[in-house]
Amino acid sequence: MTASTSSAIASEIKEELNFLERTNLEFGKAIQFVNSEVRPIGKGVVKFLEQPFRQLIARFPVHMDDGSIEMFTGYVAQHSRLYEPTKGGIRYSPGLDLDSITALAFDMTLKCLVADLPYGGSKGGVCCDPKKMSRAELDRLTRRYAYEILLIMGPDSWVPAPDVGTGQREMAIIYDTYKMFNPQTPYASAAVTGKPPNLGGSKGRREATALGGAYVLEEAVKQGHIQGFSSLKEAAVVVQGFGNVGYNIANNLHKDYGCRIVGISDSKGAVYCDEGLDPTEVLAYKKKVSTENSVVGYDGLERLGAEQVLTRPCDILIPAAKETQISGKVAKDIEAEVILELANGPTTNLADEILTDRKVYLLPDILANAGGVTVSYFEWLQNKAGESWELSQVKEKLHKRMTNAYRNVVETAETYNLDMRLAAFVLAISRAVDIVYERGIFP
Ligand code: NAD
């Protein structure tokens with residue numbers, strides 16, 4: 001099966017699928033391809049690779065500031081035990097459900113395989129709107145959720161990390177709760193990554209996802225894989241989402257690569273400026289000046305809808321918000337030559353087809369945003385060894401791993417004439433199948 005056959009399979013599906021359905025679709029295509037072109041895979045092995053091995057739903061109460069008690073639902077999906085521990089972030093988001101957590105856990109398995117990390121994939125989260133909760137309420141919710149996941153987490157079982165709506169503070173609370181219940185565990189700090197530096201957090205973890213994405217982009221340009229790009233200098237960039245990943249990629253590309261950040265959005269809207277924006281100044285405006293805690297209104301610029309900015313003129317588009325943002329409708333009007341998927345699952349199946357037809361160079365999420373889990377891996381190694389690495393060491397090791405991952409995906413794409421997303425899936429699944437057959441099935 002070649003890229004054109006895989007595109008034919010996709011084109012039979014005319015409606016937009018949800019994230020889990022899209023992951024399953026891509027997985028199905030890759031399985032079919034590996035089975036016919038790389039090595040035969042038994043049906044049972046396909047099922048083993050496809051399904052999460054453990055899912056947890058926990059409903060728990062939290063005291064709110066007004067004295068009332070509210071019930072919340074938390075989730076964990078551990079997708080694969082090809083390797084243990086499993087690794088994956090904790091998300092706080094309204095509308096979160098077991099399906100999206102399961103899709104994200106599946107994605108983590110594939111990402112760890114592409115990045116060549118010895119982890120299975122997992123994901124956790126709580127259905128809540130952190131923007132509508134006080135700091136104290138979020139702290140109590142985190143401590144209670146941490147208690148609920150004690151059954152599963154640990155340095156060699158599930159090691160959570162930050163994701164949308166969580167950060168160092170939540171990881172510190174989860175670490176503290178874990179340590180209180182496991183006072184004798186020798187490497188308790190290795191039970192969670194993305195912690196504050198004082199608690200064993202790795203230097204560079206906060207910026208890691210963005211930095212890893214920048215290294216992938218840099219390598220693609222260096223290798224001459226992006227038509228019309230000889231350097232990133234002056235390249236016009238639109239970034240969707242201005243949280244941890246969005247701010248850091250905008251800042252990094254602006255400061256270290258001389259890119260022009262022409263558009264920035266958040267959940268409330270967007271700003272666009274052809275001459276370029278300074279991300280640090282936009283962040284200061286969002287945090288200190290804006291009454292809406294948003295980028296909109298920055299420097300008197302026109303107030304755009306969050307989706308509008310995706311189709312404004314730019315060379316590089318970086319989705320760094322959440323899944324299912326680039327739909328078929330949006331993809332038709334995108335002007336960018338390159339899409340760097342730092343969010344998980346931002347592009348729909350129909351958009352994928354349109355972007356492939358339009359020859360937009362797409363750097364898929366399971367490759368492009370693997371920098372976060374890679375530095376989490378470094379943090380886990382440091383915690384287990386009782387070490388603290390310098391930032392320069394972290395960056396050097398991350399650069400090596402991200403460029404290797406990129407080259408491996410490109411090699412797969414070139415060997416089998418595949419688009420980059422399918423190539424990343426094929427690389428991951430080929431590795432997974434090798435591991436299953438080498439390790440065998442217990443008992
Ligand atoms: P975050 O919560 O810090 O930021 C999310 C941002 O997206 C916020 O600025 C929010 O306002 C914005 N947003 C939400 N809806 C939007 C919309 N419709 N349009 C524009 N902006 C919107 O989250 P984060 O940690 O920066 O994660 C962002 C993405 O990167 C997620 O998909 C996450 O899974 C992925 N990711 C994160 C990491 C990590 O290390 N944090 C690692 C890998 C992948």
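The side chain of threonine 193 makes a polar contact with the side chain of lysine 87, at 2.7 Å. A polar contact here is a pair of N or O atoms within 3.5 Å; within protein, one must be able to donate a hydrogen and the other to accept it, and residues adjacent in sequence count only if both atoms are side-chain atoms. Keep in mind that this is a predicted model: local features need pLDDT of at least 70, side-chain atom pairs count only at pLDDT 80 or more, and totals for chains, interfaces and linings use all residues. Residues are numbered from 1 along each chain as its sequence is written, and side-chain values use heavy atoms, with hydrogens and water left out.

Threonine 193 sits in the loop between helix H6 (168-181) and helix H7 (208-222); helices (H or I, at least four residues) and strands (E, at least two) are DSSP runs, numbered from the N terminus. Its relative accessible area is 0%, so threonine 193 is buried. Buried means under 20% relative accessible area, exposed over 50%, and partly exposed in between, with a 1.4 Å probe and protein chains only. Asparagine 383, in helix H13 (residues 371-385), is buried too, with a relative accessible area of 9%.

Now for the ligand. There are 25 residues around it, and Arg91, Asp163, Thr209, Val245 and Asn344 come nearest; a residue counts as near if one of its heavy atoms lies within 4 Å. A polar side-chain atom of threonine 209 lies 2.8 Å from a ligand oxygen, while a polar backbone atom of phenylalanine 242 is 3.1 Å from an oxygen atom of the ligand. Glutamine 325 has a side-chain N or O atom 3.2 Å from a ligand nitrogen. On its own the ligand has 840 Å² of accessible area, and the protein covers 88% of that (Shrake-Rupley method, 1.4 Å probe; for residues, only the protein chains shown count as cover). Helix H8 (244-257) and strand S7 (260-266) each supply at least two residues of the shell.

A cavity is a set of points, on a 1 Å grid over the protein atoms alone, where a 1.4 Å probe fits but cannot get out; lining residues have an atom within 4 Å of a point. The largest cavity has about 50 Å³ of space, a volume being the space filled by probe spheres set on the points, with grid points joined across faces, edges and corners. Its lining includes Phe27, Leu49 and His79. Helix H4 (98-114) and helix H15 (420-439) each give two or more residues to that lining, and H4 gives the most, with 4 residues.

Finally, some backbone geometry. Most residues other than glycine have a negative phi, and most peptide bonds are trans. A cis peptide bond joins glutamate 84 and proline 85, with omega about 10°, and proline 85 is in the loop between strand S2 (69-78) and strand S3 (86-93). Another cis bond joins phenylalanine 442 and proline 443, with omega about 0°; proline 443 lies in the segment after H15. Aspartate 299 has a positive phi near 55° and is found in the loop between helix H9 (279-289) and strand S9 (316-319).

Technical notes:
On a 1 Å grid over the protein atoms alone, a cavity is a set of points where a 1.4 Å probe fits but cannot get out, and a pocket is an open set with protein on both sides within 12 Å along at least five of seven lines; lining residues have an atom within 4 Å of a point.
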